[in-house]
Amino acid sequence: MAKVYYENEISKEVLQNKKIAVVGYGSQGHAHALNLKDSGYDVVIGIREGKSFDQAVQDGFEVYPVSEAVRAADVVMVLLPDERQPEVYKNEILPELTAGNALVFAHGFNVHYHQVVPPENVDVFLVAPKGPGHLVRRTYEAGEGVPALFAVYQDATGTARETALAYAEGIGAARAGVLETSFQEETETDLFGEQAVLCGGLTSLVKAGFETLTEAGYQPEVAYFECLHELKLIVDLMYEGGLEGMRYSISDTAQWGDFQSGPRIINGAVKESMKEVLNEVQNGVFAKNWILENQANRPVFHSVNEKEKNHPIEKVGRELREMMPFVKAKQKKEAVVSAN
Ligand code: NDP
Ligand code: MG
Ligand code: MG
């Protein structure tokens, strides 16, 4: 088992008297900035003008253009969308970094795949909460925290690891527990998880089930309830008690069906495909395609997105959710998925 770090074993000294620039004020940005401020740290925000800028001002921060915030800071946490980071880094962050600064991320993608190449004289580490920003903030305010991973990529000062732990403590993560990883492991497992299981695997499983039932003549409304709507109940049970906890709550018939049919659906061939997907994450092919897709203004992304919106499961779902206002209200609140 991995070693888990808690508050009492983390020294805060290394981060005290340092100025922290949080660059970006979205899901993660607002949560890191507010939690660090409430933990007593000196925080400024670096952001372009717009909605986030106004929000940060309203929340009482000193807000600057990115380059000015970086210039003033010792520790620079980059919480921009991953696809935007390389350009902002090159134009507004890199020119302002000085020896001994810390350059920090919440996801390893850009550093691991060399889209951001840090100078040798700065510390580089990541602190990645295992939850969306709004949960990071809400739990902090309740005296709790969301667990986080941390990893050191480059230790120029000799104190990168201590600084990473102090940062994780500052956002409240050490109340729940902080685990060490590497940029490689964090990046590759994150991409694999969202592709094979959380997002890609799940949406395709749901659609295949829905299509199988409707093609066999069953009503789309009933198929929607069985293959999509009821997932929430099952996932909540798994979240609370693992597979065993979920199976304890379902009927024995459902559990027997799980044992008999699950391995026939997600079979050896599926696992072989998962290995191919993992291989493309590891060898950089996935990253290269996504980077080029962004450079080309996302033609494939947009066309698949349009097609997906028109899938019959989406049409029937929109209608059914209108009948369930309780679902819609909750959906908005909890819409930010941690599959970042
Ligand atoms: P969001 O999309 O929520 O926020 C991005 C922020 O960057 C916004 O404030 C946006 O401001 C700002 N921004 C965008 N472009 C620019 C620009 N060119 N110059 C200056 N500011 C800009 O991002 P997330 O918080 O979701 O993600 C940030 C990082 O955290 C990513 O590395 C992600 O992988 C990681 N992460 C995310 C998690 C999550 O659950 N969301 C979980 C763990 C890690 P504006 O309003 O002007 O667009
Ligand atoms: Mg049933
Ligand atoms: Mg991700």
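Visitor: Which domains does the domain assignment of the protein give?

Guide: The assignment gives domain 1 (4-181) and domain 2 (190-333), where the bounds come from an automatic or database domain assignment. This is a predicted model, in which local features need pLDDT of at least 70 and side-chain atom pairs count only at pLDDT 80 or more, while totals for chains, interfaces and linings use all residues. Residues are numbered from 1 along each chain as its sequence is written, and chains are lettered from A and ligands numbered from 1 in the order in which they are written.

Visitor: How do you know that domain 1 and domain 2 are in contact?

Guide: Two residues are in contact if their C-beta atoms, placed from the backbone, lie within 7 Å; by that criterion, four residues of domain 1 are in contact with five residues of domain 2. On the side of domain 1 that touches domain 2, the residues divide into one nonpolar, two polar and one charged, where Ala, Val, Leu, Ile, Met, Phe, Trp, Tyr, Cys and Pro count as nonpolar, Asp, Glu, Lys and Arg as charged, and the others, Gly among them, as polar. The C-alpha centres of the two domains lie 32 Å apart.

Visitor: What makes the radius of gyration of the protein agree with that of a compact globule?

Guide: The radius of gyration is taken over C-alpha atoms, and the globule rule is 2.2 Å times the number of residues to the power 0.38. For 340 residues a compact globule would have a radius near 20 Å, and the protein has 22 Å, which agrees. Along the principal axes, the C-alpha atoms fill a box of roughly 65 × 45 × 40 Å.

Visitor: What makes E1 and E4 edge strands?

Guide: The secondary structure comes to 17 helices and nine strands, where helices (H or I, at least four residues) and strands (E, at least two) are DSSP runs numbered from the N terminus. Two strands pair if DSSP finds at least two bridges between them. The nine strands form an open sheet of mixed pairing, in the order E1-E9-E8-E7-E6-E5-E2-E3-E4. Strand E1 (4-5) and strand E4 (62-64) are its edge strands, because each pairs on one side only.

Visitor: How do you know that E2 pairs with E5 and with E3?

Guide: Four bridges join strand E2 (residues 19-23) to strand E5 (residues 75-78), and these strands run parallel; isoleucine 20 stands opposite valine 75 in E5. E2 and E3 also pair in the parallel sense, over five bridges, with alanine 21 opposite valine 44 in E3.

Visitor: Why is strand E3 called largely enclosed?

Guide: A residue is buried if 20 or more other C-beta atoms lie within 10 Å of its own, exposed if 12 or fewer, and partly exposed in between, with C-beta atoms placed from the backbone. Four of the five residues of strand E3 (residues 42-46) are buried, so this strand is largely enclosed by the rest of the structure. E5 is covered on both faces, with Val75 and Met77 buried on one side and Val76 and Val78 buried on the other. Across the 340 residues of the protein, 32% count as buried.

Visitor: Why is aspartate 190 called buried, and why is glutamate 194 called partly exposed?

Guide: Aspartate 190 has 20 C-beta neighbours inside 10 Å and therefore counts as buried, whereas glutamate 194 has 17 and so counts as partly exposed. Aspartate 190 lies in helix H8 (residues 183-198), and glutamate 194 has its place in helix H8 as well. The UniProt annotation "binding site", from an unreviewed entry, covers Asp190 and Glu194; UniProt positions are given in the numbering used here, feature names are shortened, and annotations may be inferred rather than shown by experiment.

Visitor: Why is serine 251 called exposed?

Guide: Serine 251 has 9 other C-beta atoms within 10 Å, and therefore it is exposed. Serine 251 is placed in the loop between helix H11 (231-249) and helix H12 (252-265), and the UniProt annotation "binding site" of the unreviewed entry covers Ser251.
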